[in-house]
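Hi,

Here's the structure I promised to hand over.

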Amino acid sequence: MITSSFIKVRSMIKIIDIGANLTDPMFQGVYNGSAKHQADLNNVLERGWSAGLQKVIITCGTIFDCEQAFQIANTHEKLYATVGCHPTRCGEFEADPDGYMTSLCNQIDQHRDKVVAIGECGLDYDRLNFCEKDTQKKYFEQQLKLAEKYQLPLFLHCRNAHDDFFDILMNNLDRIPKRGVVHTFDGSLENAQKLIELGFYLGLNGCSLKTEDNLKVAADIPDDRIMVETDSPWCEIRPSHAGSKFIKTKFPAVKKKEKWDKDMLIAGRCEPVMITQVLEVLAGIKNKPMEQLAEQYYNNTMKVFFPLK
């Protein structure tokens, strides 16, 4: 069980996980195509709610995620979603570009009350084996039209592609009135400053806090431009990561998936409740109270994604 002291600390703050891949098969107990335990998404979410999470934004990385994402989002008033196509999946546009865009629009139209951002979209040059550069750039730019059409912020992805990423954003700023967030940011301070100057926020999670260089950059990002996320079931803060030395909250976890217990986490599978560890690392590197940072990040997120709530 999560310790009572943890619940006491977390009850003092409100926080929003801006990016969780809740459609991932791991939350149905399936790992690499093999069923290991019963579906436990409800248990995962209950842990998050009991620990202070106010909202969770479900990440959609392809049109094929949307149906399941909205089935999940419609189960709870605190769940929302993005709609878009991840750069590594942009090849899906090629067979019928207009049809794919229409499908994205249909999902937004049908679930307008649950859609808070366009994305996950952007560029990923670390995984060109999934989709080559020109295709990524073409359909990243196409998706910016959705931000303009629906007056929604962006949920952005950038890996080893900052120059092209920045140029596309610069050339389309008039289409992005609500700006948005670059999630799982792990770039340089110079990159961070350039994005902030354009009006974007930076989403930080365990993958943003792996190295000492990452920590130095994160420490210098202004608090009023930060949002926090888990990117569940990925991006946990591992013991080998530089940020791990600041973690205070430990979660009981089973090492073998087949030994699943509804009151315990699964070792190696990140989940939204672990956002507290991201907050603890940021509090440590910034030498500020976690409660103070949590309030700022909560307000940042509400301003961008939930301005009328």
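Starting with the largest pocket: its lining splits into 5 nonpolar, 10 polar and 7 charged residues (Ala, Val, Leu, Ile, Met, Phe, Trp, Tyr, Cys and Pro count as nonpolar, Asp, Glu, Lys and Arg as charged, and the others, Gly among them, as polar). The second largest pocket is lined by 18 residues, with Leu152, Val304, Phe305, Phe306 and Pro307 closest to its centre. By class that lining has 12 nonpolar, 1 polar and 5 charged residues, and α10 gives the most to it, with 3 residues.

A pocket here is an open set of points on a 1 Å grid over the protein atoms alone, where a 1.4 Å probe fits, with protein on both sides within 12 Å along at least five of seven lines; lining residues have an atom within 4 Å of a point. Helices are DSSP runs (H or I, at least four residues), numbered from the N terminus.

Among the buried ones are Gln277, Glu280 and Lys286. Just after α9, Asn287 takes a positive phi of about 55°.

Bear in mind that this is a predicted model: local features need pLDDT of at least 70, side-chain atom pairs count only at pLDDT 80 or more, and totals for chains, interfaces and linings use all residues. Numbering runs from 1 along each chain as its sequence is written, and side-chain values use heavy atoms, leaving out hydrogens and water.

Cheers

Notes: Helix = DSSP H or I, 4+ residues; strand = E, 2+ residues; numbered from the N terminus. Buried < 20%, exposed > 50% of the residue type's maximum accessible area, 1.4 Å probe, protein only.
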